[in-house]
Amino acid sequence: MIMRSKKNYLFIIALVSLLLTYCFLVLPATETADSFNPEKIQADIKNLEAVQEGMIARGGTGYGEMTGSPYANSVHDSRVKSRMLYAFEDKNFNRFVQLRMKNFDFGAVNASRDWMLIADARFPAYDQERNVSLRNLRYQGYLDANIPITYNMIEQKTALQSLVNFLLGTTAASVIFCAIYFSSDIFSKDRQHRTVLQGMPIGWYRLINVKSMVAFFYMLMILIGLLLLGVIILSIQNGFGSFKLSVPITVPSTQPDDYFGYRFSEYDSITIARFLLLALGIIPILVYLFIRINAILSLLFKNSWLVLMISTVLLFSERIYYSRTLNELFGVDISYFPQTYFDFGRIISGEKYYLVHLESITYEKGIIVLLCTLFAVEIILFIVSRIISKRRFYRKAA
């Protein structure tokens with residue numbers, strides 16, 4: 001029944017269409033924060049040279065207690081930009097990356113992936129400093145990987161890098177939403193075939209479990225299919241990338257100092273291979289958790305669209321109370337709420353810790369909280385299945 005569902009077919013077609021649109025139209029036309037514009041750099045070099053000539057004309061090439069050494073800084077900046085331009089034109093991207101690490105524009109704020117990063121920032125300048133550190137860590141990872149560096153790799157457009165960026169942003173919620181959508185009618189649709197299903201020689205609770213597992217593996221099959229399709233297309237276009245490339249992460253500072261209650265962070269990196277393995281450890285838990293929640297809602301409401309709406313609200317419920325200054329909800333540390341870990345990419349990268357500066361938000365605790373939530377959901381589902389029996393569920397079916 002789940003394989004023949006027209007609703008599912010239409011949704012899969014929509015997913016494939018979105019994926020193809022992104023691969024062939026959106027991504028090729030997107031300029032990332034790492035994109036390089038030779039014309040702009042040439043204009044910057046000319047502007048810097050004009051400024052230097054003005055400084056020479058008025059004798060302002062020395063050091064000042066208030067101004068520092070603007071002339072020396074301008075000369076250094078123009079030289080680095082000029083060498084970057086030559087390295088880019090020669091496609092010597094190893095040298096290009098090394099030079100770019102010396103020439104980061106501190107005034108350029110890295111574009112936020114979504115709504116969480118900039119909102120309620122207590123120290124916006126520290127966000128910029130963090131962007132510098134994470135970017136340089138990623139660039140250093142290109143050099144340490146000992147693989148040929150390509151421009152697509154620098155722009156983070158290779159297949160593996162695109163997958164990682166997908167999981168790091170709010171877009172990762174679409175993985176869980178797919179599970180919600182595919183499992184929203186696994187019970188309510190049965191009421192149209194009650195004469196067949198009521199006579200099946202299988203217990204009611206066992207039937208619920210079987211249906212949940214079918215939805216779970218169907219969901220994984222769709223995800224794997226979309227993943228393979230996207231990776232193949234992006235690999236042909238921009239290259240596969242490398243599992244040895246680094247993913248910058250944020251970790252709590254080992255220094256005991258606090259600045260007005262603001263805990264500073266330190267930065268490290270993990271390989272893409274490890275990042276994806278950690279993601280594989282949490283995605284199945286989240287998918288199965290929402291499938292079982294949908295099972296409870298289906299028994300209670302018997303309407304697939306109502307189930308879909310309630311589960312979607314649960315998925316995005318964190319947005320109702322989220323704030324970068326909020327550490328507790330109803331007097332309880334937010335690290336104990338499962339909603340905190342629905343953004344699983346940020347949990348792995350440590351960005352969630354950075355956003356609210358709550359050291360108790362960790363990947364390990366997220367796994368424990370989600371498993372405890374799943375255990376509680378299983379108990380509730382068992383009780384609801386006893387209250388709403390098979391006969392009662394199929395009674396008065398339309």
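**Close-up views of a pocket and a helix pair**

**View 1. The second largest pocket of this predicted model holds about 320 Å³ of space.** A pocket here is an open set of points, on a 1 Å grid over the protein atoms alone, where a 1.4 Å probe fits, with protein on both sides within 12 Å along at least five of seven lines, and lining residues have an atom within 4 Å of a point. Of the 18 residues lining this pocket, Val 251, Ile 347, Ile 348, Tyr 363 and Glu 364 are the closest to its centre.

View 2. Helices (H or I, at least four residues) and strands (E, at least two) are DSSP runs, numbered from the N terminus. The strand β1 gives the most, with 4 residues.

**View 3. Helix α2 (residues 38-57) and helix α3 (residues 70-89) have axes that come within 9 Å and cross at roughly 155°.** Axes are lines fitted to C-alpha atoms over the stretch in contact, with angles running from 0 to 180 degrees between N-to-C directions. The crossing angle therefore makes α2 roughly antiparallel to α3, a term for angles over 145 degrees. Their contact (heavy atoms within 4.5 Å) includes Ile 41, Ile 45 and Leu 48 of α2 and Tyr 71, Val 75 and Leu 85 of α3.

**Notes.** Residues are numbered from 1 along each chain as its sequence is written, and side-chain values use heavy atoms, with hydrogens and water left out. In this predicted model local features need pLDDT of at least 70 and side-chain atom pairs count only at pLDDT 80 or more, whereas totals for chains, interfaces and linings use all residues.

Technical notes. Parallel < 35°, antiparallel > 145°, perpendicular 65-115°, else oblique. Points joined across faces, edges and corners; volume = space filled by probe spheres on them.
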